[in-house]
Amino acid sequence: MTAAVDAGVHIEPLSGWTGALISGVNLSAPLAGNEIEAIRRALLQWKVVFFRGQTLDHAQQIAFGEQFGEVTPGHPYEGDTAPAGFPEIHTVSPAAYDQRYGAGYRKKQGANGPGWHADVTPLINPPSHSILRAEVVPPFGGDTQFSNVAAAYQGLSAPLRALIDGLRAEHRFGANFAAERSSEKIGEHVRTNPLASIHPVVRVHPESGERVLYVNPSFTRQIVDLSPRESRHLLDLLFEELARPEYTVRFKWEPGSVAFWDNRAVLHLAPRDVEHLGHDRVLHRITLAGDVPVGVDGRESESISGARFGAA
Ligand code: SIN
């Protein structure tokens, strides 16, 4: 596929469905209105966009995000490892996860298979977008993968789409390894401050109007109104579909790389291939406040537990 230029912004698609590399913009300075609109259009089409060679500090990353929406706190759980003075920053690194959730958390994350997810879907209004910036990257490995869940939905047969269009599912923080039974910090978090919502299995994207598959193996616990066995089988099928290689792109990080994705249209998969090598990997994420999902029938999601997630 060839690159395009939109309002002076270069957009180079990286796969047939998912991801585009954007060049010709400096994210550390305020963007022109037409640059913001070009990035928004690229996000709507490609679901995740990448930038290379950016020199952002925490404040500049937050200022970049504010041009696209309301920047939230780094994560809904208290006691976070946000850098001093920047509650909006969620640092992604093995050390930060161990401090935040307990040393066993990372091992258990894979208990339910690959941890494809959109950020914090147990919230009633999960973040619309995430912006992740690389500070320290391993010499090899540590790539992040993304999968286009609008394409995954369209790839299903019409009768299956008709079935799931009417279903809803519970999303719960820690669902993939029954974290509420954990003796580590993660157990304490989910027992004292559980986060759970019922979302449509098929969400209508608020900007594009596309239908997207809105379940993920990290947070979706069960489809409501189905028997546990029916729910398990159907979720397994959907989890397999949403990770089909043709819907994915794999991004290799360099220091100064930035990924900007739409959590309402793409899932991502954090790498598990570098920890055994002992390489450092430190990235910083911010998220933009999202709206309450709406299903094909026009019904909004319902909160089971947890407050709306807004500006820091
Ligand atoms: C995340 O899940 O937001 C982090 C992704 C990554 O570590 O690549």
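How many nonpolar, polar and charged residues are in the shell around the ligand, by class?

## About the model

This is a predicted model, in which local features need pLDDT of at least 70, side-chain atom pairs count only at pLDDT 80 or more, and totals for chains, interfaces and linings use all residues. Residues are numbered from 1 along each chain as its sequence is written, and side-chain values use heavy atoms, with hydrogens and water left out.

## Around the ligand

The shell has four nonpolar, three polar and three charged residues. Here Ala, Val, Leu, Ile, Met, Phe, Trp, Tyr, Cys and Pro count as nonpolar, Asp, Glu, Lys and Arg as charged, and the others, Gly among them, as polar. Val92, His117, Asp119 and Leu132 are among the residues that surround the ligand (a heavy atom within 4 Å).

Oxygen atoms of the ligand also lie 2.5 Å from a polar side-chain atom of Thr144, 3.0 Å from one of His268, and 3.0 Å from a side-chain N or O atom of Arg285. The protein buries 97% of the 260 Å² that the ligand exposes when taken alone (Shrake-Rupley method, 1.4 Å probe).

## Strand E8

Let's turn to a strand (a DSSP run of E, at least two residues, numbered from the N terminus). Five of the five residues of E8, residues 168-172, are buried, so the strand is largely enclosed by the rest of the structure. Buried means under 20% relative accessible area (1.4 Å probe, protein chains only). Arg168, Glu170 and Arg172 point one way, while Ala169 and His171 point the other way.

## Its partners

E8 runs antiparallel to E9 (residues 196-200), joined by five bridges, and Glu170 has Ile198 as its bridge partner there. Three bridges join E8 to E12 (residues 220-223), also antiparallel, where Ala169 is partnered with Ile223. Strands pair if DSSP finds at least two bridges between them.

Note on methods: A polar contact is a pair of N or O atoms within 3.5 Å; within protein, one must be able to donate a hydrogen and the other to accept it, and residues adjacent in sequence count only if both atoms are side-chain atoms. Buried means under 20% relative accessible area, exposed over 50%, partly exposed in between (1.4 Å probe, protein chains only). Helices (H or I, at least four residues) and strands (E, at least two) are DSSP runs, numbered from the N terminus.
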